[in-house]
Amino acid sequence: MLTWVIRRDLLLAVRRQADVLTTLFFFIIVVSLFPLGVGPEMNTLRIMAPGIVWVAALLASMLSLGRMFSNDYLDGTLEQILLSPTSLSLLVLGKMLSHWLITGVPLVLMAPVLGIQYDLPFSALVVLTLSLLLGTPILSLIGAIGAALTLGLRGGGVLVSLLVLPLYIPVLIFGAGAVEASTAGLGFEAHFSLLGAFLLVSLVFAPWATAASLRISME
């Protein structure tokens, strides 16, 4: 059932390419506008690059959270998922993984290309890509909880942002901090260790919390 959920969501994403491209274009536009506004001073751009790319990735991920369960809620699929004998946490995990594949992976692939605008060295681009590879799944896992809690509510997009943003801040700090440490010639392994720990904790608790939130929202 896990693979079925992922395969189904990927197929729907192919049919609704506008939703996927909106998130990716938002990320590209935000990252690309900063060098134009700040100016061509390379030292300044290198210092700002990790934070800018990570903030843009975080906002782009939040932009797509409202669609994680809303379409299934509107067409009745979510009710069938809740009635399924399969563990709801497992099905929710499939939704989270498909959200990351649709939203997070394109951001990870685009990040090193956009990082060239900021004159980041190759080693920093590698660290940036790896930090996003570790961090973006956490954004999908945590964001799913907020999306489930605000499902069907008017103004849910604003509410989900208020709910998940405080939980995103540690991921932002350590993700951007790893790149900054690499640029400064310092060790970045501690940042990666903390991101890995956040990822493991999120994998354990987020599906269960999201499943409970969905049951509450559907009552």
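Residues are numbered from 1 along each chain as its sequence is written, and side-chain values rest on heavy atoms, with hydrogens and water left out. Because the model is predicted, local features need pLDDT of at least 70 and side-chain atom pairs count only at pLDDT 80 or more, whereas totals for chains, interfaces and linings use all residues.

**View 1. The largest pocket and its lining.** A pocket is an open set of points on a 1 Å grid over the protein atoms alone, with protein on both sides within 12 Å along at least five of seven lines; lining residues have an atom within 4 Å of a point. Two or more lining residues come from each of helix 1 (2–15), helix 2 (17–38), helix 4 (67–75) and helix 6 (88–115); helices are DSSP runs (H or I, at least four residues) numbered from the N terminus, and strands are E runs of at least two. By class, the lining holds five nonpolar, six polar and eight charged residues. Here Ala, Val, Leu, Ile, Met, Phe, Trp, Tyr, Cys and Pro count as nonpolar, Asp, Glu, Lys and Arg as charged, and the others, Gly among them, as polar.

**View 2. The second largest pocket.** This pocket has a volume of about 180 Å³. Its lining is formed by I138, I142, I145, L167, P170, V171, F198, V201, S202 and A206. Helix 7 (122–149), helix 8 (156–183) and helix 9 (189–218) each give two or more of these residues, and the largest share, four residues, comes from helix 9. Nine lining residues are nonpolar, one is polar and none is charged.

**View 3. The largest cavity.** A cavity is a set of grid points where a 1.4 Å probe fits but cannot get out. The structure holds one cavity of 30 Å³ or more, and the largest cavity has a volume of about 40 Å³. F69, L78, I81, L91, V92, K95 and L214 line the largest cavity. Helix 5 (77–83) and helix 6 each supply at least two of the lining residues, with the largest share, three residues, coming from helix 6. The lining divides into six nonpolar residues, no polar residue and one charged residue.

**View 4. Two segments annotated in UniProt.** The unreviewed UniProt entry places the feature "transmembrane region" at several segments, including residues 20–39 and 51–69; such annotations may be inferred rather than shown by experiment. Residues 20–39 are 95% helix and 0% strand, with end C-alpha atoms 30 Å apart. For residues 51–69 the values are 84% helix and 0% strand, with end C-alpha atoms 29 Å apart.

**View 5. Aromatic pairs.** A search of the whole structure finds two aromatic pairs, defined as rings of Phe, Tyr and Trp (its six-membered ring) with centres within 6.5 Å; planes under 30 degrees apart count as stacked, over 60 as edge-to-face and the rest as tilted. F174 and F198 form a tilted pair, 6.0 Å centre to centre with 45° between the planes. F174 lies in helix 8 and F198 in helix 9, so this pair ties together parts that are 24 residues apart in sequence. F174 is partly exposed at 23% relative accessibility, as is F198 at 29% (buried means under 20% relative accessible area, exposed over 50%, partly exposed in between; 1.4 Å probe, protein chains only). F188 and F192 form an edge-to-face pair, 5.4 Å centre to centre with 65° between the planes. F188 is partly exposed at 23%, whereas F192 is buried at 16%.

Methods:
Grid points are joined across faces, edges and corners, and a volume is the space filled by probe spheres set on the points.
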